[in-house]
Amino acid sequence: GREGDGGVASCGLGLAMSECGVDAGLHNPRDIGGSNFSRTRRVDPVERRARILDAKERTKGVDRDALNASVAEKQERVAAEKRKEQVYAKEVEYYDNVICQKVQDALRKQRESRQQLVSFHRAHQRREDSREWDLNRKDILKREALDASDEASLRAPSSLQKFEGEDVMFSERTALQIQQQKQWCEMQQKEKC
């Protein structure tokens, strides 16, 4: 810096170097704290240890009432925070219970509506009641045997209901033949006796 401005260097903008954030070259410890700065306090570990371990020196200048008040205030703050957390935890638990209850109610309502729908279908919308039941029925040929009435003889071959050489009455005829055979056997046994 310049020599004529009282020992304060300038950074060129009319501000002192310390205002610019640049160290003004004060490296001497006496310049930092003035004449009150004692280099021996910082350097001499024996004296420092004696000062720290001396109970009178340690407690001297400490306001115990202020420290106790600060500790009590901190404990009160911690207790208040804990009470707040407990209240918050109770609120969270309450709202969790409310939400769980609402979810259970919604699931119960869905289950009931599904059961009502199924019971309605069972009561009022049976497959047998539909218009297309006869078309979609797989066992229709088994259930509805061709009758040997005049109506069956009037059916055309294109209906594929009656075929040449088909024995529609096979089961009834065989049952009748078995019954006749039993009767004949019984008659023959009576004649022999």
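Predicted model: local features only at pLDDT ≥ 70, side-chain atom pairs only at ≥ 80, totals over all residues.
Residues are numbered from 1 along each chain as its sequence is written. Local features need pLDDT of at least 70, side-chain atom pairs count only at pLDDT 80 or more, totals for chains, interfaces and linings use all residues, and side-chain values use heavy atoms, without hydrogens and water.

Me: What makes the pair of tyrosine 94 and tyrosine 95 edge-to-face?
Reply: The structure holds one aromatic pair. The ring centres of tyrosine 94 and tyrosine 95 are 5.2 Å apart and the planes stand at 70 degrees, so the pair is edge-to-face. Rings of Phe, Tyr and Trp (its six-membered ring) pair if their centres lie within 6.5 Å; planes under 30 degrees apart are stacked, over 60 edge-to-face, the rest tilted.

Me: Why does tyrosine 94 count as exposed?
Reply: Its relative accessibility is 51%, so tyrosine 94 counts as exposed. Exposed means over 50% relative accessible area, buried under 20%, partly exposed in between (1.4 Å probe, protein chains only).

Me: How many of the 193 residues are buried, as a percentage?
Reply: Buried residues make up 4% of the 193 residues.

Me: How many helices and strands are there in the protein?
Reply: There are 10 helices and zero strands. Both are DSSP runs, numbered from the N terminus: helices are H or I with at least four residues, strands E with at least two.

Me: Where is isoleucine 99?
Reply: Isoleucine 99 lies in helix H6 (residues 64-124).
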